[in-house]
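Please look over the structure shown here before reading the notes.

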Amino acid sequence: MKNPFEYGGVVTGEAFCNRRKELRDLIRAMENAEKLFVLSERRYGKTSLIRTALDKLPRKKFISAYVDLWPTDSEATFVAAVAKAITESMSSSTNKLIETAKKFFGSLSPSITVDEDGKPSLSFGLARHARIEPVLEEVLETPAKISSSKGPGVVVVLDEFQQMLEYGSDRVERKLRSVIQNHHGVSYLFFGSRKHLIQKMVLDKNRPLYRAGGHYPLGPIAEKEWQPFIRKHFKDADKKIDEQAIHEICEMTQGHPFYTQHLCHALWELCDVRKAVTSEMIRAAVKLLLDRESYAYTTLWESLTLQQKRFLKGLAVEGAGVKVFAGEFVNRHGLGSASNAQRAVDALLARDVIDRDNGSFVISDRFLRLWIQSAQTV
């Protein structure tokens, strides 16, 4: 039997752990042509979530363009990615792809390549000396043209939108601001996973996207949702896991989707058919996963300053929501002063080792947190 716990990619179907409320909220936002910024930590399953939500939209009533901005690094690659997503959302055959591309994106040069399976792949080129402003204008105005009059509803999803900070100017952000304000028949969903950068983009009054849409923080999955999901997958394989064991798992992973699925994947492999999961088995699964990551974690740890190590050690052993700049935390973990804690925070945020969490901070990699707790560090 295939392991039912999936991690590390887009998770769909039975492997997707419900997120029923979030799905309802996102589908409603798309139906109402809302503009929404969905903020989360990394590996929180946001791409799986939006893919599932898009699949539930009636195809006859909506055109949805999903744009992954992670590979983009400039305004030129941004417009090419958006044009490609919009074109592919409306056409599938080779002839239709080219026809649609030429109809809406006259400033770009579309081309088609066909892989060994006969599947067409669309790409757009931009002349080296072409002015980016009119091209950007053309591409970002296209969703409104499609949705005009009695056309279908249009949904544009910009995933990893914090990549816009890499473009060297805020021109794309400024144009998007204008688009958001004037495209009343188009829903724009912005997904991002580096919260300290995203907050800079949407909460800073001096940034173009400040208050340009609603904010939707995506949190961990609650234990009450994990309980039936995990229990069912073990039961389907004639394996047993009780409520207390699932509670232990959720405590270790803090309900983080990636790390919960990953730990359950390893635990499912260790548990034999017609056997029950035990605390010893959970510890063995955790040890297996930490051993696999030990080299990477050791390398990271050795690259940190003493104050950064002390800060992470404190964050790993304290409860959620700890006040890291308070005197108690600073003294308890040998940081010397609140300013030392602030310097550690700034450095660790920049390296994505920690993330902001409801007025406090959290270690982004939940397995790193467990490794720090178990290792003889500092």
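**Briefing on selected helices**

Helix 11, which spans residues 279-302, bends by about 55° at Ser-294. The model is a predicted one.

**Helix 11**
- The buried residues of helix 11 include Met-281, Ile-282, Ala-285, Val-286, Leu-289 and Leu-290.
- Tyr-297, Leu-300 and Trp-301 of helix 11 are buried too.
- An α-helix has 3.6 residues a turn, so residues three or four places apart point the same way.
- Among the elements that cover the buried residues of helix 11 are helix 9 (243-253) and helix 10 (257-270).
- Helix 12 (306-317) and helix 15 (366-374) also belong to this cover.

**Helix 8 and helix 9**
- Helix 8 (residues 223-236) packs against helix 9 at an angle of about 125°, and their axes are 10 Å apart.
- Helix 8 is therefore oblique to helix 9.
- Their crossing is right-handed.
- On the side of helix 8, the contact is made by Glu-223, Trp-226, Gln-227, Ile-230 and Arg-231.
- Helix 9 contributes Glu-243, Ile-246, His-247 and Cys-250.
- Of the residues in this contact, four are nonpolar, two polar and three charged.

**Ala-347**
- Ala-347 is part of helix 14, which covers residues 338-350.
- Ala-347 has a relative accessible area of 25%, so it is partly exposed.
- Between Ala-347 and Leu-304 there is a separation of 43 residues in sequence, while their C-alpha atoms are 9.3 Å apart in space.

Technical notes:
Residues are numbered from 1 along each chain as its sequence is written. This is a predicted model: local features need pLDDT of at least 70, side-chain atom pairs count only at pLDDT 80 or more; totals for chains, interfaces and linings use all residues. Side-chain values use heavy atoms; hydrogens and water are left out. Helices (H or I, at least four residues) and strands (E, at least two) are DSSP runs, numbered from the N terminus. Buried means under 20% relative accessible area, exposed over 50%, partly exposed in between (1.4 Å probe, protein chains only). The bend at a residue is the angle between axes fitted to the seven residues ending there and the seven starting there. Contact means heavy atoms within 4.5 Å. Axes are lines fitted to C-alpha atoms, for helices over the stretch in contact, and angles run from 0 to 180 degrees between N-to-C directions. Angles under 35 degrees count as roughly parallel, over 145 as roughly antiparallel, 65 to 115 as roughly perpendicular and the rest as oblique. A crossing is left-handed if the near helix is turned anticlockwise from the far one by less than a right angle, and right-handed if clockwise. Ala, Val, Leu, Ile, Met, Phe, Trp, Tyr, Cys and Pro count as nonpolar, Asp, Glu, Lys and Arg as charged, and the others, Gly among them, as polar.
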